[in-house]
Amino acid sequence: MAPDDDDDDRTIIGVEPLPRAEKPERDRPYLIVLAGPNVGEMYPVEGAESFVGRGTNATIRLGDDSISRRHVRIVVDGKDVRIEDLGSANGTILNGERVAAAPLRDGDKIQLGSTTILKFSYHDKLEEAFQRQMYDSALRDGLTKVFNKKHMLDRLTVEFAFARRHQTPLAVVMIDIDHFKNVNDTCGHLAGDHVLSKLAATVQAVLRTEDVFGRYGGEEFAILCRGAAPLAAGIVAERVRATVEQTSFAHEGRAIPITASLGVAGYPAVAANSPDELLRVADDALYDAKRSGRNRVVVRGAR
């Protein structure tokens, strides 16, 4: 029997059609930091009001000296969101125009002070996770998951400007794994990667919350210690050195002895005129530590 021309219109008995997936509603307001010391961070706008500033009583706290302690208020009224400047010293710029108060719409750009730029945006849960992953990958080293060199240098520039303006302490600690080439040559690069990852996690665990830690390149790492005089930063560095020496490193059952050398430079005790100069002094101190026997700390600027 010849097939019916209308066969394409047949239905299969007993098979229910798949339900159409519901598109999640983008109803979660966020502030995303596009530029400034907190670049890459996402903050949910929660509750009826939120305060953004650098003070300890701000709901969303940003480490930018050019913004006020309570710079703006974000007011949520149902589906409407507004931003209100709270008499800030440097003003609030919304999409290129200075404002005292204005409604916020999806995609708006907000500049606070001289360096911080925020994006106001709505997300659903999947978009939130994706955005966090994207920003995180831009800021962090793929292997060790600590901050990458670019972010470290960006933060150093901001922190140095703050320290120079207020004549407050800032220290840089440079870390280099001793004889790391031998690890790769004798144990293989997978073992070397394991050592880098474990050392990064080990160091991160003993630092202060306010310290900024990242991979500078290869087997070198760096710590920015805001508000720390050279001697205090030296104590941090010695704690890192001792912890690394006491940590057991092994790969595929093979023990790998690991130590590290560290160099510290503290501003304003070190008369650096730029973040690059401060970094160079810390790097020189690091190589003095390596030349003088390794597994030690050398501090510049301590009295």
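Two strands pair if DSSP finds at least two bridges between them. Helices (H or I, at least four residues) and strands (E, at least two residues) are DSSP runs, numbered from the N terminus. The views below show a predicted model, in which local features need pLDDT of at least 70 and side-chain atom pairs count only at pLDDT 80 or more, while totals for chains, interfaces and linings use all residues. Residues are numbered from 1 along each chain as its sequence is written, and side-chain values use heavy atoms, leaving out hydrogens and water.

**View 1. Strand 1 meets strand 2.** Look for strand 1 (residues 28–35), which three bridges join to strand 2. These two strands run antiparallel.

**View 2. Leu-118 sits in strand 11 (residues 116–123).** Is this residue, Leu-118, buried or exposed? Leu-118 counts as buried because its relative accessibility is 3%; buried means under 20% relative accessible area, exposed over 50%, and partly exposed in between (1.4 Å probe, protein chains only). Leu-118 and Leu-34 are 84 residues apart in sequence, yet 5.5 Å apart in space, C-alpha to C-alpha. Leaving aside residues up to four places away in sequence, Leu-118 touches several residues, including Leu-31, Leu-34, Leu-62 and Ile-110. Here, contact means heavy atoms within 4.5 Å.

**View 3. Helix 2 crosses helix 6.** The axes of helix 2 (residues 149–166) and helix 6 (residues 275–291) come within 9 Å and cross at roughly 110°. Axes are lines fitted to C-alpha atoms, for helices over the stretch in contact, and angles run from 0 to 180 degrees between N-to-C directions. Helix 2 and helix 6 are therefore roughly perpendicular to each other; angles under 35 degrees count as roughly parallel, over 145 as roughly antiparallel, 65 to 115 as roughly perpendicular and the rest as oblique.

**View 4. Side by side where helix 2 and helix 6 touch.** Which residues meet here, in helix 2 and helix 6? Leu-153, Leu-156, Thr-157 and Phe-160 in helix 2 meet Pro-275, Leu-278 and Leu-279 in helix 6.
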